Amino acid sequence: MNRIYLDHASAWPLRPEARQALADAATMAWADPTRGHQEGRAARDLLDRASATVAFALGADERDLVWTSGGTEAVHLAVLGSARAAERRGERRRHVVCSAVEHSSVLRACERLRTEHGYDLDVVGVDASGAVDPDAVAAVVRDDTLAVHVQHANHEIGTLQPTHELANACHRVGALLHVDACQTVGQLGVTLDQLGADLLSASGAKFGGPRGVGLLVLGPRGRIAALQEGDERQRRRRAGLEDVAGIAATAVALEVARAELQTAYSSREVVRRRLRERLPAAVEDLQVHGPLADAHPGIVAVSALYVDGEALVGELDRAGYAVHSGSSCASDSGRPSHVLVAMGVLTHGHVRLSFGPSFDLAQADAFVATYADTVRALRRRGGLG
Ligand SMILES: Cc1ncc(COP(=O)(O)O)c(C=O)c1O
């Protein structure tokens with residue numbers, strides 16, 4: 001059966017160029033990049049080139065890029081590492097803000113600051129499209145606010161946040177803006193300046209790099225202190241031997257993603273709009289979430305009354321479609337997605353479709369037909385059709 005993979009927001013397939021770079025680097029540059037021998041210098045050279053490429057793409061200085069083990073670690077470094085750096089400088093800023101629709105890694109890192117370090121935490125709500133109101137953030141930031149942590153695009157719905165306006169609200173009180181751009185680096189033209197961010201986190205697996213490589217970049221005001229210590233690597237911001245091969249492959253993946261940015265955006269935007277239009281027309285009692293404009297081009301989220309999300313995912317999988325039923329933090333718990341709950345929208349029978357540029361209109365139409373048949377069949381089975 002021809003499989004159609006619609007879960008790019010969880011893990012984008014490894015790009016062939018990145019796979020090649022990974023194999024080449026693992027063969028040629030496996031040594032410790034801090035060592036002075038020839039093997040070490042080869043690894044250093046590759047690491048420096050990858051850092052320069054990625055930092056340039058994100059509008060940062062390469063000295064202000066920190067490689068991590070993925071988006072989750074980058075986010076933790078931003079949330080907990082910025083607090084640690086401020087404490088070390090003797091700053092008395094002990095208040096942080098995040099939105100209710102953040103990825104679980106951001107929510108839990110902020111919660112940890114509150115419970116383990118005694119910080120005040122304000123979690124701001126969103127409207128029915130999943131957007132944060134900059135005025136709501138402006139109303140809660142204070143003179144002692146250290147940072148506001150907000151995503152660029154929501155991982156479940158695709159809603160883009162008004163980061164520039166949020167930056168203004170932060171900077172008025174001297175707070176930092178950390179943007180979790182895990183869903184948009186490599187998907188949209190993202191730079192520190194363009195987002196107004198002081199800290200920006202990203203995940204290589206979301207744009208076709210190898211799994212387990214993430215990064216945090218710092219703007220001129222961004223400061224972090226390491227969360228684990230042990231050596232002087234990465235300007236003492238993150239200890240431990242770097243995954244040079246993975247990092248080299250991540251840089252290649254970002255270059256390829258950036259080269260196709262415009263075409264990948266346009267083709268997916270057409271498909272996204274078609275799905276938003278055709279899904280509710282194909283079957284009754286559906287809700288498509290998120291805004292029509294100001295959205296990630298490759299994410300569509302839809303809920304259906306009278307069906308179970310996991311059953312729907314299972315049936316679609318059998319029909320050849322790989323989709324996801326909700327946020328990764330909620331999928332094991334059986335609880336409705338915190339994102340949909342915060343938006344106040346239908347949480348039943350939820351699936352997220354996240355697609356790459358090769359998913360075309362004909363495939364989207366075929367998906368809509370299968371989806372509608374599947375929803376009807378499940379409703380009949382449940383005695384509701
Ligand atoms: C918005 C967002 N932030 C952070 C993460 C965590 O990234 P990783 O899976 O690389 O740890 C994800 C992953 O889905 C995400 O979507």
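Axes here are lines fitted to C-alpha atoms, for helices over the stretch in contact, and angles run from 0 to 180 degrees between N-to-C directions. Helices (H or I, at least four residues) and strands (E, at least two) are DSSP runs, numbered from the N terminus.

This is a predicted model, in which local features need pLDDT of at least 70 and side-chain atom pairs count only at pLDDT 80 or more, while totals for chains, interfaces and linings use all residues. Residues are numbered from 1 along each chain as its sequence is written, and side-chain values use heavy atoms, with hydrogens and water left out.

**View A. Helix 1 packs with helix 9 (residues 244–259).** The two axes of helix 1 and helix 9 are 8 Å apart, at an angle of about 155°. That makes helix 1 roughly antiparallel to helix 9; angles over 145 degrees count as roughly antiparallel, under 35 as roughly parallel, 65 to 115 as roughly perpendicular and the rest as oblique. Helix 1 contributes Glu17, Ala18, Ala21, Leu22, Ala25 and Ala26, and helix 9 brings Ala245, Gly246, Ala248, Ala249, Val252, Ala253 and Val256 (contact means heavy atoms within 4.5 Å). The residues of this contact of helix 1 with helix 9 divide into 11 nonpolar, one polar and one charged. Here Ala, Val, Leu, Ile, Met, Phe, Trp, Tyr, Cys and Pro count as nonpolar, Asp, Glu, Lys and Arg as charged, and the others, Gly among them, as polar. The crossing of helix 1 and helix 9 is right-handed, a term used if the near helix is turned clockwise from the far one by less than a right angle, with anticlockwise giving left-handed.

**View B. Helix 3 (residues 71–88) packs with helix 4 (residues 104–117).** Here the angle is about 30° and the axes are 9 Å apart. Helix 3 is therefore roughly parallel to helix 4. Look for Thr72, Val75, His76, Val79, Leu80 and Ala83 in helix 3, meeting Ser105, Val106, Ala109, Cys110, Arg112, Leu113 and His117 in helix 4. Eight nonpolar, four polar and one charged residue make up the contact of helix 3 with helix 4.

**View C. Arginine 233 and aspartate 32 form a salt bridge.** Their closest N and O atoms are 2.9 Å apart; a salt bridge is a side-chain nitrogen of Lys or Arg within 4 Å of a carboxyl oxygen of Asp or Glu. Arginine 233 lies in helix 8 (residues 233–236) and aspartate 32 in the loop between helix 1 (16–28) and helix 2 (38–57), so the pair ties together parts that are 201 residues apart in sequence. Both arginine 233 and aspartate 32 are buried (under 20% relative accessible area, with exposed over 50% and partly exposed in between, using a 1.4 Å probe and protein chains only). Zooming out, Asp32, Arg35, Asp231, Arg233 and Glu242 are linked in a network of salt bridges.

View D. Arginine 114 is partly exposed at 39% relative accessible area, and glutamate 111 is partly exposed at 31%.

**View E. Leucine 353 is found in strand 12 (residues 351–354).** With a relative accessible area of 1%, leucine 353 is buried. Beyond its neighbours within four places in sequence, leucine 353 is in contact with Leu6, Leu275, Leu279, Gly298, Ile299, Val300, Val323 and Phe367.
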